[in-house]
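Here is a short briefing on one protein chain. Have the sequence and the 3D view at hand.

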Amino acid sequence: IAGAFKPDEGKIEIDGIDVTNMPEHKRAAYLGRVFQDPMKGTAPDLTIEENLSLACNQTKRFPLALAVQKKDLAYYREQLSAFRMGLEDRMKMKVGLLSGGQRQAVTLLMATLKKPKLLLLDEHTAALDPKTAEKVLEITEKIVTERNLTTVMITHNMRDAIAYGNRLIMMYNGRVVVDVSGEEKKKLTVEQLMELFSKASR
């Protein structure tokens with residue numbers, strides 16, 4: 001979906017736009033993405049406000065000094081304060097000095113500042129400790145719900161797969177083997193889901 005690999009067959013459409021042969025950097029105009037590695041997705045030597053400004057102006061060309069607009073800083077602070085991590089008071093801090101969870105929160109905000117047609121969450125809590133992962137998931141759910149974002153979250157955590165989202169798809173050897181949604185998904189237990197997967201994948 002992100003464009004790192006081309007499909008062997010078929011095509012990829014995002015909101016009716018055929019992006020199958022579109023290079024990765026051009027697809028970025030339609031996608032928001034949060035990586036598994038907290039070190040990706042941000043520029044560590046730039047401050048929080050500079051990173052957010054880059055994300056906000058990603059389709060424009062400009063000197064970095066002009067990117068950080070005073071009129072936008074209040075908006076960035078407001079958005080960061082909702083995370084309850086104190087990041088709104090560290091706008092001048094380099095992102096490389098933040099913890100993994102704080103960095104993922106900044107990356108998540110960067111990915112959604114300009115409402116993307118599709119938000120890709122690539123195991124974005126896998127590298128975090130359980131408490132921080134839970135916090136980042138709470139923030140994720142809040143942003144996705146409030147901004148009504150179409151989202152694909154890749155995870156190996158069965159509980160998270162059941163708890164979040166309105167459709168659950170499991171793949172095996174490149175094929176969809178389980179596809180549940182609605183009430184059927186809500187009623188699933190981890191054990192039932194694993195049984196479905198075992199049967200489908202033989």
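A residue counts as buried when its relative accessible area is under 20%. Leu-128 has 13% relative accessibility, so Leu-128 counts as buried. The model is predicted.

**Leu-128 and its surroundings**

- Leu-128 sits in the loop that links strand E4 (118–122) to helix H6 (130–146).
- Beyond four places in sequence, Leu-128 touches Pro-38, Gly-100, Gly-101, Gln-104, Ala-133 and Val-136.
- Gly-41 is 87 residues away from Leu-128 along the chain, and their C-alpha atoms are 15 Å apart.

- Pro-38 belongs to the loop between E3 and H2.
- Is Pro-38 buried or exposed? Its relative accessibility is 10%, so Pro-38 counts as buried.
- Setting aside neighbours within four places in sequence, Pro-38 contacts Gly-100, Arg-103, Gln-104, Ala-127 and Leu-128.
- Between Pro-38 and Gln-104 the C-alpha separation is 5.6 Å, although the two are 66 residues apart in sequence.

**Thr-47, in the loop between E3 and H2**

- Thr-47 is also placed in the loop between E3 and H2.
- The relative accessible area of Thr-47 is 12%, so Thr-47 is buried.
- Not counting residues up to four places away in sequence, Thr-47 touches Met-91, Lys-92, Met-93, Lys-94 and Val-95.

**The sheet**

- Three strands form an open sheet in the order E3-E4-E5, and their pairing is parallel.
- Strand E3 (31–34) and strand E5 (151–154) are the edge strands, and each pairs on one side only.
- From one strand to the next, the twist averages 10°.
- E3 and E4 run parallel and are joined by four bridges.
- Val-34 has Leu-121 in E4 as its bridge partner.
- E4 and E5 also pair in the parallel sense, over four bridges.
- Leu-120 has Val-152 in E5 as its bridge partner, and Leu-119 stands opposite Thr-151 in E5.
- Four of the five residues of E4 are buried, so E4 is largely enclosed by the rest of the structure.

**Helix H5**

- Helix H5 (residues 100–112) lies across E3 and E4 and runs at about 175° to E3.
- H5 has 13 residues and spans 18 Å from its first C-alpha to its last, close to the 18 Å expected at 1.5 Å a residue.
- How many of the 13 residues of H5 are buried? Twelve are buried, and H5 is mostly covered.
- Among the buried residues of H5 are Gly-101, Gln-104, Val-106, Leu-109 and Met-110.
- The cover over the buried residues of H5 includes E3, helix H2 (48–56), helix H4 (70–81), E4 and H6.

**H2 against H5**

- Two packed helices are described by the angle between their axes and the distance between the axes.
- For H2 and H5, the angle is about 25° and the axes are 8 Å apart.
- An angle under 35 degrees counts as roughly parallel, so H2 and H5 are roughly parallel to each other.
- H2 passes H5 in a right-handed crossing.
- Asn-51, Leu-52 and Ala-55 of H2 make the contact with Val-106, Leu-109 and Met-110 of H5.
- Seven of the nine residues of H2 are buried, so H2 is largely enclosed by the rest of the structure.
- The buried residues of H2 include Asn-51, Leu-52 and Ala-55.

**H6 against H5**

- The axes of H5 and H6 come within 10 Å and cross at roughly 15°.
- H5 and H6 are therefore roughly parallel to each other.
- The crossing of H5 and H6 is right-handed.
- On the H5 side, the meeting residues are Gly-101, Gln-104, Ala-105, Leu-108 and Thr-112.
- On the H6 side, they are Thr-132, Val-136, Ile-139, Thr-140 and Ile-143.
- Among these residues, Gly-101, Gln-104 and Val-136 also touch Leu-128.

Methods: Residues numbered from 1 in each chain as written. Predicted model: local features only at pLDDT ≥ 70, side-chain atom pairs only at ≥ 80, totals over all residues. Heavy atoms only, no water. Helix = DSSP H or I, 4+ residues; strand = E, 2+ residues; numbered from the N terminus. Buried < 20%, exposed > 50% of the residue type's maximum accessible area, 1.4 Å probe, protein only. Contact = heavy atoms within 4.5 Å. Pairing = 2+ DSSP bridges. Axes fitted to C-alpha atoms, helices over the stretch in contact; angles between N-to-C directions. Expected span 1.5 Å × (residues − 1). Parallel < 35°, antiparallel > 145°, perpendicular 65-115°, else oblique. Left-handed = near helix turned anticlockwise from the far one by under 90°.
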